[in-house]
Amino acid sequence: MKPRRSILSVPGHVEKMHARACNSSADVIMLDLEDSVPVDAKPDAPEVVINSIQTLDWGNKTLTVRINGLDTPFAYRDLIAIAEAVGDRIDSVVLPKTDHPGDVHFVSRMLDGIEMQRGFTLRIGIEAIIESARGMSNVSRIARASDRLRSLVFGIADYSASIRARLVSISGHGEESDIYPGHRWHFEMSRLVMAARANDLRVIDAPYGNFKDSDGLNRACAMTCALGFDGKWAIHPGQIDTINRIFSPSQADIARALKVIAAYENAKNRGRGAAAIDGRMIDGATLRMARQVKAQAEYLGLSALLPKK
Ligand code: GLV
Ligand code: MG
């Protein structure tokens with residue numbers, strides 16, 4: 001599986017930004033037809049996106065396209081245009097405002113027909129953005145709505161609007177704030193992680209809007225990474241390296257994981273189920289966490305940090 005730590009969101013109607021995105025260090029490029037495209041530009045934006053996907057050299061970048069919400073006059077046209085023309089080039093359709101499992105069923109059935117008609121052999125995935133109170137309350141059902149689903153994404157800006165939260169932040173959740181004792185989005189983010197993992201999906205965080213505030217971005221990434229998220233959107237190329245770094249296990253993380261695995265093996269060979277490292281107890285659960293770090297390092301190709309086979 002290819003990494004998905006950083007997802008660079010690029011406005012679909014601005015062709016010159018697509019060429020720059022090709023050369024960025026983002027794992028995924030998401031060409032956006034939704035909120036970064038003004039209404040006047042919406043009818044023509046799918047053609048611009050299709051042209052860029054077909055003509056630019058994307059190397060080994062994973063490509064996705066965010067269509068408009070199903071409650072707009074644009075979504076069905078976006079879906080047909082994009083899937084018919086470049087369904088064999090994109091990894092997934094990103095579905096905003098996913099409120100109900102029926103939204104996923106609708107997109108999935110449309111894709112069934114388009115794939116049959118075009119003779120595509122690889123199935124197009126769906127990434128569902130959960131960004132309303134309705135979507136959040138249905139998230140477990142949405143997460144198991146289709147085997148096309150690949151990720152759940154937390155759309156923090158729309159979610160804030162949906163629940164009528166006070167506009168105390170326009171950047172997401174990395175800004176320092178003493179407005180609430182605790183983290184305002186802890187429940188929602190953990191809820192999303194739980195629903196995603198219960199269905200073997202990835203879970204991705206919304207972007208950090210204040211692209212000049214690197215401390216805030218660091219805080220936001222560290223928090224969601226600790227909660228179990230796989231990656232985060234970027235709305236500016238300057239955010240990508242921080243996101244990639246924080247969502248990759250560090251050298252110290254990998255060294256610690258290998259130490260845990262070795263100590264556990266050692267204890268097991270001596271007939272024990274637990275051991276101690278640096279004065280701390282480790283057991284089967286610690287071993288599982290350590291194995292996840294090792295698997296993630298393998299998945300991200302960090303082989304230089306792993307023992308030679
Ligand atoms: C993303 O779509 C958001 O609403 O934050
Ligand atoms: Mg949104």
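Helices (H or I, at least four residues) and strands (E, at least two) are DSSP runs, numbered from the N terminus. This model is predicted: local features need pLDDT of at least 70, side-chain atom pairs count only at pLDDT 80 or more, and totals for chains, interfaces and linings use all residues. Residues are numbered from 1 along each chain as its sequence is written, chains are lettered from A and ligands numbered from 1 in the order in which they are written, and side-chain values use heavy atoms, with hydrogens and water left out.

**View 1. Lys268 and Asn266 in helix α11.** Helix α11 spans residues 251–269 and holds Lys268. Lys268 has 45% relative accessibility, so Lys268 counts as partly exposed. Asn266, at 43%, is also partly exposed. (Buried means under 20% relative accessible area, exposed over 50%, partly exposed in between, with a 1.4 Å probe and protein chains only.) Lys268 and Asn218 are 50 residues apart along the chain, and their C-alpha atoms are separated by 38 Å. For Asn266 and Thr242, the sequence gap is 24 residues and the C-alpha to C-alpha distance is 36 Å.

View 2. Glu131 is buried, with a relative accessible area of 4%. Asp158 is partly exposed at 22%.

**View 3. The surroundings of ligand 1.** Ligand 1 is surrounded by Arg66, Glu131, Gly155, Ile156, Ala157, Asp158, Ala206 and Trp233. (A residue is near a molecule if one of its heavy atoms lies within 4 Å of it.) The largest share of this shell, three residues, comes from α7.

**View 4. Polar contacts of ligand 1.** A polar contact is a pair of N or O atoms within 3.5 Å. A polar side-chain atom of Arg66 lies 3.1 Å from an oxygen atom of ligand 1. For a side-chain N or O atom of Glu131, the distance to an oxygen atom of ligand 1 is 3.0 Å. Ile156 uses a backbone N or O atom, 3.0 Å from an oxygen atom of ligand 1. Taken alone, ligand 1 exposes 190 Å², and the protein buries 91% of that. (Accessible areas come from the Shrake-Rupley method with a 1.4 Å probe; for residues, only the protein chains shown count as cover.)

**View 5. Two aspartates with positive phi.** Where is Asp200? Asp200 is in the loop between α8 (186–198) and β7 (202–205). Its phi is near 55°, a positive value in a residue other than glycine. Asp200 is exposed, with 72% relative accessibility. Asp278 lies in the loop between β9 (275–277) and β10 (280–282). Phi of Asp278 is near 50°, again positive in a residue other than glycine. At 65% relative accessibility, Asp278 is exposed.

**View 6. Lys97 in a loop.** Lys97 lies between β4 (92–95) and α4 (101–118). Is Lys97 exposed, buried or partly exposed? At 23% relative accessibility, Lys97 counts as partly exposed. Lys97 and Ala133 are 36 residues apart in sequence, and 10 Å apart in space, C-alpha to C-alpha.

Terms used. Polar contact = N/O pair within 3.5 Å; in protein donor to acceptor, adjacent residues only side chain to side chain.
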